[in-house]
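Welcome! Here is a short briefing to read alongside the sequence and the 3D view.

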Amino acid sequence: MRMSGTRGSAPTGQLKVAIDYIGGYRNTMTLVLTGLDIEAKAVAAEAQLFDVLGGKDTYDDVDVRLLRFDRPDAPTNAQATAHLQITVKDRDRDRVGRRFSNATMELFLGGYAGFHTTHSAHRRHPTSACTGPP
């Protein structure tokens with residue numbers, strides 16, 4: 001590669017290094033929780049999901065975050081919701097792909113009232129170190 005016409009500053013006295021590696025695969029599903037008992041709904045949804053999937057320890061890494069946007073006596077539906085963001089990472093593409101997405105969507109049939117997600121189970125979010133499911 002040849003670059004020309006660029007400008008920059010003199011190098012510092014410190015070395016900067018970036019390392020990339022093949023980190024496996026990652027998939028995130030975000031469940032919308034609405035109304036009362038947000039914490040209880042989040043605990044129940046997480047337990048149901050990982051019961052179907054065989055437990056959290058079947059993945060290399062699991063990150064579960066309850067993102068609160070709700071407020072008491074909210075005047076709009078958007079202000080009465082929270083997001084339960086569940087991310088799984090694994091070296092096995094199939095484990096984090098459709099298997100995880102489908103299990104999440106199956107909560108619709110036996111999960112909490114008002115179940116829905118923020119996006120389709122087929123939407124992908126690739127990252128620099130991980131590749132999403134097919």
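The points below go from the whole chain to single residues.

This is a predicted model, in which local features need pLDDT of at least 70 and side-chain atom pairs count only at pLDDT 80 or more, while totals for chains, interfaces and linings use all residues. Residues are numbered from 1 along each chain as its sequence is written, and side-chain values use heavy atoms, with hydrogens and water left out.

**The chain as a whole**

- The chain holds 3 helices and 4 strands, where helices (H or I, at least four residues) and strands (E, at least two) are DSSP runs numbered from the N terminus.
- Their order along the sequence is β-α-β-β-α-α-β.
- The chain has 134 residues, and 31% of them count as buried; buried means under 20% relative accessible area, exposed over 50%, and partly exposed in between (1.4 Å probe, protein chains only).
- Take the contacts with a separation of 6 or more: 72% of them are between residues 24 or more positions apart, a contact being heavy atoms within 4.5 Å.
- About 9200 Å² of the chain is accessible surface, and carbon and sulfur atoms account for 52% of that. Accessible areas come from the Shrake-Rupley method with a 1.4 Å probe, and for residues only the protein chains shown count as cover.

**Aromatic rings**

- A search of the whole structure turns up 1 aromatic pair.
- Rings of Phe, Tyr and Trp (its six-membered ring) pair if their centres lie within 6.5 Å; planes under 30 degrees apart count as stacked, over 60 as edge-to-face and the rest as tilted.
- Phe50 is buried at a relative accessible area of 6%, and Tyr59 is buried too, at 5%.
- Phe50 also has a charged neighbour: the charged end of Lys56 sits over its ring, 5.9 Å from the centre. A charge sits over a ring if NZ of Lys or CZ of Arg is within 6 Å of the ring centre and within 35 degrees of the ring normal.

**Salt bridges**

- Side chains of opposite charge can pair when their charged atoms come close.
- The whole structure contains 8 salt bridges, each being a side-chain nitrogen of Lys or Arg within 4 Å of a carboxyl oxygen of Asp or Glu.
- One of them joins Arg68 and Glu39, at 2.5 Å from N to O. Arg68 belongs to strand E2 (residues 61–68) and Glu39 to helix H1 (residues 38–53), so this pair ties together parts that are 29 residues apart in sequence.
- Both partners are partly exposed, Arg68 with a relative accessible area of 39% and Glu39 with 46%.
- Another salt bridge links Asp61 with Lys89, at 4.0 Å from N to O. Since Asp61 lies in strand E2 and Lys89 in strand E3 (residues 81–90), the pair ties together parts that are 28 residues apart in sequence.
- Asp61 is partly exposed at 36% relative accessible area, as is Lys89 at 29%.
- Asp90 and Arg95 form a salt bridge as well, with their closest N and O atoms 3.0 Å apart. Here Asp90 is buried, at 3% relative accessibility, whereas Arg95 is partly exposed, at 27%.
- Salt bridges with shared partners also bring Glu39, Arg68 and Asp70 into one network.

**Strand E1**

- Val32 is part of strand E1 (residues 25–34) and is buried at 6% relative accessibility.
- Leaving aside residues up to four places away in sequence, Val32 touches several others, including Thr81, His83, Tyr112 and Thr118.
- Val32 and Leu67 are 35 residues apart in sequence, and their C-alpha atoms are 9.7 Å apart in space.
- Thr30 is found in strand E1 too, and is buried with a relative accessible area of 7%.
- From Thr30 to Val64, 34 residues apart along the chain, the C-alpha separation is 9.7 Å.

- Ile19 sits in the segment before E1 and is exposed, at 70% relative accessibility.
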